[in-house]
Structures are given as structure tokens and as C-alpha cells.
Amino acid sequence: MPAVLCSKSSTQALAWLLALLLKSGADAATVYKIQTEGESFMAYEFASRLETFPHYRKFETTFAGRPFVVETGKMCGLANGSAMVRYGDTCVLCNVTMSEKPREGVDFFPLSVEFEEKLYAAGRIPGSFMRREGRPGEHAILSSRVVDRPIRPLFPKDMRNDVCVTMTVMSLDPDNSAEITGMNGASLAIAMSDIPWNGPIAGVFVGLVDGEIVLNPTKEQREHSDLSLTLAASEEKIVMIEAGANEVDEATMMEAIKAGHAEIKKMLAFINSIVAEIGKPKKTFTPVELDHGLLADVYAKHLDEVKAAMDTDDKNVRDAALLPIMDAIAAEHPELTAADIDLISYKLQKKVVRTWLLEDGKRVDGRGINEIRPLAAEVGLLPRVHGSGMFTRGQTQVLTVCTLGSTKDAQLMDDLSDTQYKRYIHHYNFPPYSVGEARAPRSPGRREIGHGNLAERALVPVLPDQSEFPYTIRCVSEVLSSNGSTSQASICGSTLALMDAGVPIKAPVAGISCGLITDGDPLHGGRWMTMLDIQGVEDFHGDMDFKVGGTRRGITAIQMDIKVDGLTYEIVEEALEKCRKGRLYILDEIIKPVIAEPRKELSPYAPKMFSMMIPVDKIKDVIGKGGKVIQEMCANFNCKIDIEEDGHVFISAVDQEDAKRAIATIKTIVEDPEIGAIYKGRVTRLMNFGAFVEIAPGKEGLVHISKLDDHRVEHVEDVVAVGDPIFVMVTDIDQQGRINLSRKDALAAIAKKRAAQQQ
């Protein structure tokens, strides 16, 4: 056994040994002895790795100024593609698998994208009863959607094999986004696998700190950023935009998109270099397609009928008119399955919609290309809720209800996001009756969670600070009728509900969407056109749903869904400008005439919230032993009291007089009583020489028998009994802190005040 003498550290020695083995081509089973400073051991590890993991590779680059490392060939050997991706100390294991056979009886590509948050990644144990991760949380679902949107359009549309992309967060460094790491790792895993895909794409996070664009900002930078932009792109086109912003203008948004794209191109070069070295040949698949002759026959016989059926702005009329046409096609071709008939219906409608738009400049409902459907807005629809607003755009209608709660009602987040508590909560419900379907409603799905989060991001920048408005706010958007752009209608409805509830928002927010139709590649002479305020059929058969929410000053949220391989800068700029004009029209012509500013007073059914600061060392006195003091105050004053660690106290009650009494009591507890101040106390003990009176929880004083009344008192029991409420005045506080009280002086002062008021 040859010996290797080395004075370097163990890690350096092992690295040196591995390089020597690889260079010399030594037998992997050879055992080497390494002699380092103070220790001697047998080096099996690197030598055996050559035999155990013959396909192991490690690739490194720099991404936005920080190390980005990819390891393959060591883990998950049975997946079609796998990579352990490290960005700083964030580690995400990315895997992609595909079924051998296509799924039968479906008319869509069955892709699932899963972003798995493991709380051990942040050194935490799940807070659930089972103490293990369960169904994905909101943050994990939103992260899955962010990765799904850019990769889905690049798969073959006629492939029916199940494909599953799984990103498992195994280590979390708060300064390095797990979502961006997972997106780039998933793109690499798919690109180097044998699964057909027209990638890769790459993603980056863009911030705006003190007016400067920052790529992949750290946690501290994100806390001070006016922009939260997640961008995905290919070499030439923008594939996905997801953004929240503090009223950022369109020009700055485009600048941020271009800066992010420049960094993405560097990541794409890195991914392509790995694929060129270890990428697998792509598999062939059986495409799902209709016989061209059959399709041509259907077009010849029924296309004009479909055009006539679709020439209406009423979704119900259109759907009813299409049914007999599809029944006739099914009767003519009994060999077709239900999935085939659905596919033919889709192709017929798509051909009509796209031909009308591109060739004739005609929309299904007869509107102009940049014309918005008829709009309506209302507030105060529901008498007992804290605030309500309904927004209608064509056949799309959303009713939003706003509820105000105490700070204790804030949502606790048990996930890997930066947020621990959510003070503003937005929920979006999409019941089956909104699209005329006869089925029972179910729990919210990914779509509902995504749309609710989009509206939430659009409204958070205009909400008042907690110190100004110490409430937890929940808005629930109920979709009453859906014919496209319900998420943007929910933004408008929520603005109405918030102002109706008296929430002092900084500015109203409106949302609108822009669609796209293409014919060929826009980068190489292909035709394209955008249209404002797309309805359902234009969304379904079009190439883009570009949703933008914002105020008059700028953008607060963006979400972009596309079905093509990407957008040019020119398309993005045009969509942003059309959405800007559209939202200004909604704000000025629809929302402002209905409710120009937030109501000055809250609903009589809403809790009245007050806040105050107390010394930190007095918190224990306000809470009391075992919570006795604070519980008694909540019961006596019919209120809620929340105390934070920094001494902030929040008091809420439906009757503000109850809240004011609670505040006065807390002040009495934490402040030394003032001589001359009058309190309403409670008699706690009787003695021969006087009565002890509690003027605040845990704080009592003595009323001497001579101070009980304005005449001589023989027995204390003749005037008061234990438990009696009485008014007392502080007359003296001795050096030991003992409080002397006087009922006689308090009654005299009260009588004098009443007499003055009567005069």
C-alpha cells in the first residue's frame, strides 16, 4: 500500500489525491494512506467514488455575483433528469420524470410542477399536530405556479405523457431565493433529460433599492425594495413576469426587465454548456393529432355555423349555439371519442377567434381592439359587514367583502417565506355557478390561491401602516359570474370594499388585462396584435393573458401567462402601455364617481381599534399572574387587548367607550397615580379604620374612615361593603408608595363639576 505524505489540511490532501488518481488512471479500488498533520487515515472515499458514482459531475459559475453550483450523477439515478443545485447555502434538489406511455382520454398535456418546502431546510420543526409537512402551503403553491408558467409552453402541445417536475428545498439561505434556485435547477434537469422540451429558460429576481436595480437582492435588500420582480426568459424572449411593486412606473419596470434578462442570458449559457456535455438524446413520443382529412371535412361543413354561433357577447348564448353543431359532428363521425370532439370544438373556435382578430380586426363581442366591456361599480351592498364592493365588467362580476380584526387575527405563516405574519389577507373564491356549471363547490385550488395572491400583492402597497391603522384586514372576493379577467375584477372590487370599510388606503387600485394573438414568430417577421380587456374565449384561444394592477402613479402587481415560447420587448412595452390607459379609465370614470375616497367612519359593526405604548417592564403588570388582569379587563370592558414584546398595546371593541375605559385602566396600572386624580374603584377589604379600594388591577389604596363621607362615620360598614364600586380621589402617596384615597373629596369634586355644567 503506497503512502502519501502531506502537510496540507485533510480537505486539501483529499482534493490533491483525487486529482492525482484521475490523472494517473489508478485503480479505483486502490487504498491510499494519507499522513496529515497529527492524523493518519485511509482514503477510501474519493477512490471509491470513481467506481460508485462514475457519472458524477460538478459545475460552477457565478450568478448575480454569488456562487452557483450544480452537482449531477450522484443522487436520484432513476429520474429522467436530476440535479442538486446550490446557490450560496440554499440547496434545492430538482428532479423530472416522464411516464413511458401517454395518458389516454385526455385533451391536454398532463404536467405537474411541485415545489416542496421542507422546514428542516430552515432548522425548524413543523407546527402542525402531526409535526410533519402536509399539504403544500400558500408559499409553496405560488412557487410551483411561478415555475410552471415559464416551462409549460415549451413542451410539445400534442404530447400526452405525464411529466412531473419536483423541486425539494433541502437547505435555505435567506439571502438566496429558493424559488429562483429551483426554477433554474428545474430548467437544467429538464434540458439535460431525455424528455422533449424546447428549453432551456432561466430565472432571476429583480429588486429596486433606493432607486437602483438589484439582481437577486439579499433578505435585507428585499425588505427595503420597491420592486419584487420574478423574471423568466429564454435567450431572445421574455417567458414569465410576476411582480409586486410600490407604484413603479412602466419605464422603470421595463428597465428592470431588461436588466434581469441580461443576467438570465449568462445563466442560460451555463445551462447550455452542461447540456452539451452530459445531456441525453430526447425521446420520441406519440403525438395526439386528428386526421387532417377529417379536420378539413369538418371545417368545410361547419366552420360557417361556428362563426354564426360565436358572433355574440353572451357566453351562455354562444355555448348553447355550439352544442348542436358538436352533436352533429359526433353523429357524422361515430368513431370519434369525447376527447376528440372536445379537441375539434377547440380547434374550430380557435380558428374563428384568431382569424377574426388577425385578418379582420374583429372581436367576438364586436368591441374595438382597445375597447373595455361595459363597467359598473357599487359599494355598501351588505348591511352588516364592515365593507363591501361589487365590480362588473361585461359578464364578469366580483363581489368583495372587507372584514377588520384585531392584530391578534393576523395570519401566522408556517413556511419558508420571509413573512412570519400576514396583516392583510386576500382570499379569492371561484364557485362553479360563476361559469354555469352544475357541481358542488370544493376547497380552493391552486388557481384560487394564485389569483388571491395577485390581488393581495396589488393592494398591499397602498395599505396604511399598522401604526396609523392598527387592524388586521381580510378581503374575500366572491366571483359571481366569470367571462375572463376575474382576478383583475377582484382588485377593483377590493378597492371599493376597502374604501367602503373606511380603510385609509393611499390610493385606489384598478386591474386590467391585455391579450395577444400571433401568427409566426414575431422576432422573424411574424404578425402579432394585442387587445385590451380580454374575455374568456379570447383568453382560452389567445396567446397571452397579461394582467396589470396599479394606481394612477404606477404599477403595484403584474402576472403574465403565455402559451407561446416568449414575448419580445416590444410586445411587453405595448401591453404595459395599454394596461396603463385601461386602469386610468377605470379609476377615473368608474371607481371615483362611486366612492372618491375612504369613508371617514368605520362601520358600526366593525371593532374600534386604539393603540398605546407602555414600558416593557410594565407588561407583566398589565397581563397579571396567569393572565388574570388582562382577562378581567377583556371581560369587564367587552374588548380585545393584544400586547407586543416592544410594549405596543392594541385595544379593540365594537363600542369605543369600552375601549377608552380599558385604556384608562391600563394607564392606571402602568403609571403612578397623580395626586388629585379621581378614579372609579372597587372596595376590596374593610377594616375598623377604613376601606381598601382597588383603583386598578393590582393597585389599591386606603380610604380612612374620616374620608368616607362628608359627615362623621361611626362604622365603615355603614357606608360601603366589599365589592362596591366607588369614586375616590388620590390625596397622598407616601415614601413607601402607599396610596391614600378620599371618597369625600371625590364626591365634592364631582358635585362641583356638575354644578358648573348646569350653569
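Predicted model: local features only at pLDDT ≥ 70, side-chain atom pairs only at ≥ 80, totals over all residues.
View 1. Strand β27 covers residues 648-653 and is joined to β25 by 6 bridges. The two strands run antiparallel.

**View 2. The open sheet that holds β25, β26 and β27**. The sheet consists of 3 strands, in the order β25-β27-β26, with antiparallel pairing. Its edge strands, β25 (608-613) and β26 (640-643), each pair on one side only. From one strand to the next, the twist averages 15°.

**View 3. The largest nonpolar core**. This core contains 128 residues. I151, F155, I241, I473, L498 and F546 have the most contacts inside it. Helix α6 (residues 250-278) supplies the largest share, 10 residues. The core lies between domain 2 (57-278) and domain 4 (375-594), because both give residues to it.

**View 4. Surroundings of F546.** F546 is one of the residues with the most contacts inside the largest nonpolar core. Leaving aside residues up to four places away in sequence, F546 touches I241, I512, S513, C514, I558, Q559, M560, V572, A575, L576 and C579. Of these, I241 is likewise listed among the residues with the most contacts inside the core.

Technical notes. Residues numbered from 1 in each chain as written. Heavy atoms only, no water. Core = buried A, V, L, I, M, F, W, Y, C linked by side-chain atoms within 4.5 Å. Buried < 20%, exposed > 50% of the residue type's maximum accessible area, 1.4 Å probe, protein only. Helix = DSSP H or I, 4+ residues; strand = E, 2+ residues; numbered from the N terminus. Domains from an automatic or database assignment. Contact = heavy atoms within 4.5 Å. Pairing = 2+ DSSP bridges. Axes fitted to C-alpha atoms, helices over the stretch in contact; angles between N-to-C directions.
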